[in-house]
There are 2 protein chains.
Amino acid sequence: MHKPLLVLPVPGLPEIRAGDDLARLILASAAKHRLRLHDGDILVVAQKAVSKAEGRVYDRAGVEATPFAREMAAYTGHTPEYMELVLRSSRRIVRMANGLVIAQTRHGFVMANSGVDSSNAGGEDRMVLLPEDPDASARGIRDAIEAVTGRTVAVIISDTFGRPWRRGQVNLAVGIAGMEPILDYRGREDNDGRTMKATRIAVADELCSAAELVSGKTRRLPVAIIRGYRFDPAPGTTEDLVRDEESDLFK
Amino acid sequence: MHKPLLVLPVPGLPEIRAGDDLARLILASAAKHRLRLHDGDILVVAQKAVSKAEGRVYDRAGVEATPFAREMAAYTGHTPEYMELVLRSSRRIVRMANGLVIAQTRHGFVMANSGVDSSNAGGEDRMVLLPEDPDASARGIRDAIEAVTGRTVAVIISDTFGRPWRRGQVNLAVGIAGMEPILDYRGREDNDGRTMKATRIAVADELCSAAELVSGKTRRLPVAIIRGYRFDPAPGTTEDLVRDEESDLFK
């Protein structure tokens, strides 16, 4: 009746390269370690693996920095090319202070450096951007897995976020397919029979945080399978996780 | 080598009352369902169960509201007594808008209504406050479990938080004992051999989010055991999760 939740890391994935079929690589690694997908499994995939497969990796030599990017580079200590990619990825700059840039990505996520990353990028001068459309990336992986295995799963793409008010980073969702990112308890009754007013749980974020616990930044484990979490199949979009400015009282 | 993470709900806990020995109730429920604690297990306990055991439940009839609490009540639509408890729990008001109050608790956490809650409180006019010292609450449970079972575990007390920038709530840590809330990767090398600069993961928050997935707001499952997450034993304090104002660029 009360089944445990399992979070299973998928070991043995190779370094991902542009053009790789990530779904097939995941399935091959899973099979090699006797991990078989079940209907209702949730795959949480690190953004960097997805971005690399989609060729969202830029070399410094191939990026031309605008004068504004050069100004930002002088301020942050990053390279002009890095700041150029941050600007191209951004809808707006939320804050610049202490040499750091917090920006809102074109998708609407608020992240340090708009999610542009140079750690684990595969070389000193290489930089990885978020997928252009992470929900579409998640759908692609989900559909490929269903086509190959016949299993209906959900796929969530996760990335690492700093947070206001709280120290330390956590993994949260940037792309989703196969389920809603938010579980809505509004209108249901609590244990006392009172209607609950405002409880909408961002389960996609919680699933990414759970997956991070087995993924580890310094080991190569960009994929986890979460088994035992019940959800209703739905298309889903991470747009539902982005607050509109006006409703954001927590800022 | 790559062990799964297990998140096990502890079923069958009774409604918690002031003075209850929560550690013993948890152990009794676990034993009844053949759940035995292991060394290195992490118990995630919902704040409300801890607060109820500690008698942090107030009845409207026993609370006298100040004039300012009455003003706030008119603004928010809550009762004056509820707003009085919010004020008593707060270090400062972060924002008041749209009939909502975001406040910083005396411990430093930024939460809607300073974490004062009237859902699942055990009655229409009852309100539950956060524990006075949630780290001490966690230590008490941890020590009692060690005394009874001889097992060394970590205990995290979790509560539900709204977040800036992102829709939906997630469970995060408000108390901890037996481990550090943040895992610090700074200085370690990434897969390319570069020193990682700024990766500090708030694992206590991720563990609370993982536990929420099996806890469910409308079922009575306030405790989860997380097994398979390796950590170094340490005293730990959730003070490390509270950002100081000056360093908070994400706001």
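Biologist: How many of the eight residues of strand β9 of chain B are buried?
Modeller: Eight of the eight residues of β9(B), residues 170-177, are buried, and the strand is mostly covered. A residue is buried if 20 or more other C-beta atoms lie within 10 Å of its own, exposed if 12 or fewer, and partly exposed in between, with C-beta atoms placed from the backbone. Strands (E, at least two residues) and helices (H or I, at least four) are DSSP runs numbered from the N terminus. This is a predicted model, in which local features need pLDDT of at least 70 and side-chain atom pairs count only at pLDDT 80 or more, while totals for chains, interfaces and linings use all residues. Residues are numbered from 1 along each chain as its sequence is written, and chains are lettered from A and ligands numbered from 1 in the order in which they are written.

Biologist: How many bridges join β8(B) to β9(B)?
Modeller: Seven bridges join β8(B), residues 154-161, to β9(B), and the two strands run antiparallel. Two strands pair if DSSP finds at least two bridges between them. Within β9(B), L172(B) is the bridge partner of D159(B).

Biologist: In what order do the strands of the sheet come?
Modeller: The open sheet has 10 strands in the order β9(A)-β8(A)-β2(A)-β12(A)-β1(A)-β1(B)-β12(B)-β2(B)-β8(B)-β9(B), with mixed pairing. β9(A) and β9(B) stand at the edges with a single partner strand each, so one side of each has no neighbour in the sheet. From one strand to the next, the twist averages 25°.

Biologist: What about β12(A): which strands are bridged to it?
Modeller: β1(A) is joined to β12(A) by four bridges, antiparallel, and β2(A) is likewise joined to β12(A) by four bridges, antiparallel. I225(A) is the bridge partner of L8(A), and V223(A) is that of V45(A). Four of the five residues of β12(A) are buried, so the strand is largely enclosed by the rest of the structure.

Biologist: Switching to helices: at what angle do α1(A) and α5(A) pack?
Modeller: The angle between α1(A), residues 22-32, and α5(A) is about 55°, and their axes are 9 Å apart. That makes α1(A) oblique to α5(A); angles under 35 degrees count as roughly parallel, over 145 as roughly antiparallel, 65 to 115 as roughly perpendicular and the rest as oblique. Axes are lines fitted to C-alpha atoms, for helices over the stretch in contact, and angles run from 0 to 180 degrees between N-to-C directions.

Biologist: Which residues make that contact?
Modeller: L22(A), A23(A) and L27(A) of α1(A) meet I141(A), A144(A), I145(A), V148(A) and T149(A) of α5(A). Two residues are in contact if their C-beta atoms, placed from the backbone, lie within 7 Å.

Biologist: Last topic: is V223(B) buried or exposed?
Modeller: V223(B) is buried, because 26 other C-beta atoms lie within 10 Å. V223(B) lies in strand β12 of chain B. Not counting residues up to four places away in sequence, V223(B) touches V10(B), L13(B), I26(B), L43(B) and V45(B).
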